[in-house]
Amino acid sequence: MKKIIFLSGMFVAMTASAQFRYEDFKPLHDLEASWEMKTRRGAVIEQWTKANDSLLLGKGFLVVDKDTVPQETVELRYSNGVITYTPSVREQNSGLPVTFTLVSVTDGKYVFENREHDFPQVISYQVGDRTLRASIGGSTKEGYQEIPYNFVKQ
């Protein structure tokens, strides 16, 4: 539900936080695996483990030749009807975490948003049997940009 608020002649659209059930979070347990995407630079790897029923921990890194370069850590959490995706990227935001909140689940595609973040503002995940389709997107100087990541289970 959106509320329109007028402030000094400007309007601001506010969206109430969506409430999700634990049953909405549970399919994300299928992330628990090691996922790989081959690129020209090397392999991008995401490894997910289940810390408990309400918390998944992810690690992303780049493998170039025999070198492994850590890229990010992620917490994917269910708490009181809210599902959050919180990455900490080594060389962005001084390594501090940024939280994205789930706004929709449609046909197994989970869409997280943080409209206050510079880029990305949207992160999506869709887990299949052997595939993981992820993307990041948001507004840039050149317009909306979306970057897809297509992983296969190792």
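Phe25 is buried, at a relative accessible area of 0%. Buried here means under 20% relative accessible area, exposed means over 50%, and partly exposed is in between, with a 1.4 Å probe and protein chains only. Tyr22 is partly exposed, at 24%. This is a predicted model: local features need pLDDT of at least 70, side-chain atom pairs count only at pLDDT 80 or more, and totals for chains, interfaces and linings use all residues. Residues are numbered from 1 along each chain as its sequence is written, and side-chain values use heavy atoms, with hydrogens and water left out.

Stay with those two residues. Both sit in helix α1, residues 22-25. They are 3 residues apart there, so about one helical turn separates them. Helices (H or I, at least four residues) and strands (E, at least two) are DSSP runs, numbered from the N terminus.

Now the rings. The whole structure holds 6 aromatic pairs. Rings of Phe, Tyr and Trp (its six-membered ring) pair if their centres lie within 6.5 Å; planes under 30 degrees apart are stacked, over 60 edge-to-face, and the rest tilted. Tyr22 and Phe25 have ring centres 6.3 Å apart and planes at 40°, so that pair is tilted.

On to a second pair, Tyr85 and Tyr125. Their ring centres are 5.3 Å apart and the planes stand at 45°, so this pair is tilted. Tyr85 is in strand β7 and Tyr125 in strand β10, so the pair ties together parts 40 residues apart in sequence. Tyr85 is buried, at 3%. Tyr125 is buried, at 4%. Ring pairs also link Trp48, Tyr85, Phe112 and Tyr125 into a cluster.

So what does β10 pair with? Strand β9, residues 109-113, pairs with β10, residues 122-127, in the antiparallel sense over 5 bridges. The rule is that two strands pair if DSSP finds at least two bridges between them. Glu113 has Val122 of β10 as its bridge partner. Then comes β11, residues 131-140: 6 bridges join it to β10, again antiparallel. Ile123 stands opposite Ile136 in β11. For the method: on a 1 Å grid over the protein atoms alone, a pocket is an open set of points where a 1.4 Å probe fits, with protein on both sides within 12 Å along at least five of seven lines; lining residues have an atom within 4 Å of a point.

The largest pocket is lined by 32 residues. Nearest its centre lie Gln71, Glu72, Val89, Gln92 and Tyr149. Elements giving two or more residues to this lining are β4 (43-52), β5 (55-64), β6 (67-79), β7 (82-89), β10, β11 and β12 (143-153). The largest share, 4 residues, comes from β6. By class, the lining has 20 nonpolar, 7 polar and 5 charged residues. Ala, Val, Leu, Ile, Met, Phe, Trp, Tyr, Cys and Pro count as nonpolar, Asp, Glu, Lys and Arg as charged, and the others, Gly among them, as polar.

Last, the whole chain. The protein has 1 helix and 12 strands. In sequence order the pattern is β-β-α-β-β-β-β-β-β-β-β-β-β. Of its 154 residues, 34% count as buried.
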